[in-house]
Amino acid sequence: RRGGLASPLINAKSSAHDTESYDFSTLYTNLNHDSLISNINWCLGKAFNNHNRKYVSFKSLSSKTPFFTNKLTNNNYNFDLSNSTILHTWLVHNTFFKCGNVTVTQNIGIPMGDNQAPYQANLVLYKDEFIFIEKLCRNKNLHIAKCFNNTHRFLDDINPKNNFGHFNFYKNGIYSPGFIINKENLDNNRTSMLEIDMFINPNNKFTTFLYDKRENFGFPIVKYPSTKSNIHSSTIYNVFVTQLIRYSRVCNDLKYFLIALKSIFQNMESKGCKRYILMKKLFKYLTKKDILNRYNMTLDFNDIYFIISSYLKN
C-alpha cells in the first residue's frame, strides 16, 4: 500500500514514537500440520457463506481467475467449503520428496516447492492475528488493540510502529506454537523493512528511503542493462522510469529521493545512457505524476536540469 509503511496519519500529527522489525526464522519449517490445517480451514470458513459465496467456480483446472457464486455453474469446476477443506488437508498430508531411491513424506512444516506455500503461510499467520485482536476487543483492551493499527506484515517480516512495545510483549502468545520470532533492530528509532529504511526524524515524523542490503557486500553489483547489450534502448530507458516510480513511492523526503536519483544516473550513464534522454524521462515523470507537489517543488525543466546536474557533480 502506497505510504503504508510511512504512516501518513502519524506524520501528519508529528507523533512518531517507535518503529521495530521482526522476522520469523522458522515460518516454513516448524509449523505443525494440525495447526496448518486448522488455520487454513478457519480461513476457508470465513471465505465461504450460504448467501453469495456458497461455491468457488473455475472455468478450467488451470484457470487463475476463479469466482464465487451461490449456485452450481454448468461446464465449470465447482468447489464448496467441504470440498476445499478436504482438498487442502489431502495436499498437506501427501507431500513427498525423493532423493535417489529414497522417498520420504513431509510431516512438519509448510509443503514447499508449490505455488500455494506463501499463501498458506500468510493465511496461517492472519488467522492467529485475527483471533488475537478479536480477543483484545472482547476483553475491552481497546487501547492495546489500537496500538496494533500501524503494524504491517509482509509474509514473515513484521514492522510495528507506535506500538509501544506491545508486539514484543505479546508476540509468543499471538502465533501458533513452534514459531521463532526474532527482533531485527536494536534502536527503536530506526529499522528496515523489505526495501525500505526508516527512522524518526527530529520533527517526530517517519522518514523513509531506499534500503538495499547488497550495498554492503563489498563488491559491485550489476543492476541495470547496458546499451551495448542486445536489449533495445527504449527498454533500458524504461527501466530508469520504473526505478523513478519506486524511488518516489519509497522516499518521502526530497533529500533521499535525490540521493537515489544520483546513484541511478551515474549507474545508467556508465552503461551508455545519454544524460539528456534521462533528463527528459525524469522531467516527464515528475510533471505527469505530480511528484513535484509531493516534494513541494514548483520548477520547470531548466530548473530541474540545473539542480540535478549540479547535484551529480558533487
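User: Which residues form one aromatic cluster here?

Analyst: Heads-up: this is a predicted model, where local features need pLDDT of at least 70, side-chain atom pairs count only at pLDDT 80 or more, and totals for chains, interfaces and linings use all residues. Residues are numbered from 1 along each chain as its sequence is written, and side-chain values use heavy atoms, with hydrogens and water left out. Rings of Phe, Tyr and Trp (its six-membered ring) pair if their centres lie within 6.5 Å; planes under 30 degrees apart are stacked, over 60 edge-to-face, and the rest tilted. The one cluster asked about is made up of Tyr22, Phe24, Phe167, Tyr175 and Phe179.

User: How many aromatic pairs does that rule give?

Analyst: A pair of rings is described by the distance of the centres and the angle of the planes. With the pairing rule above, the count is 18 aromatic pairs.

User: What kind of pair do Trp42 and Tyr126 form?

Analyst: Trp42 sits in helix α2 and Tyr126 in helix α4 (residues 117-138), 84 residues apart; helices are DSSP runs of H or I, at least four residues, and strands are runs of E, at least two, numbered from the N terminus. Their centres are 6.2 Å apart with 50° between the planes, so the pair counts as tilted.

User: And Phe240 with Phe265, what is the angle between the planes?

Analyst: That pair links helix α7 (residues 233-250) to helix α8 (residues 254-270). Phe240 is at 0% relative accessibility, so it counts as buried (under 20%; exposed is over 50%, partly exposed in between, 1.4 Å probe, protein chains only). Phe265 is buried too, at 0%. The pair is edge-to-face, 5.5 Å centre to centre, and the angle between the planes is 80°.

User: Is His33 buried or exposed?

Analyst: His33 lies in helix α2 (residues 33-47). Leaving aside neighbours within four places in sequence, His33 is in contact (heavy atoms within 4.5 Å) with Val92, Gln106, Asn107, Ile108 and Gly109. Its relative accessibility is 6%, so His33 counts as buried.

User: Which residue of β12 is the bridge partner of Met198?

Analyst: Three strands form an open antiparallel sheet in the order β10-β11-β12, where strands pair if DSSP finds at least two bridges between them. Strand β11 (residues 196-200) and β12 pair in the antiparallel sense over five bridges. In β12, the partner of Met198 is Thr208.
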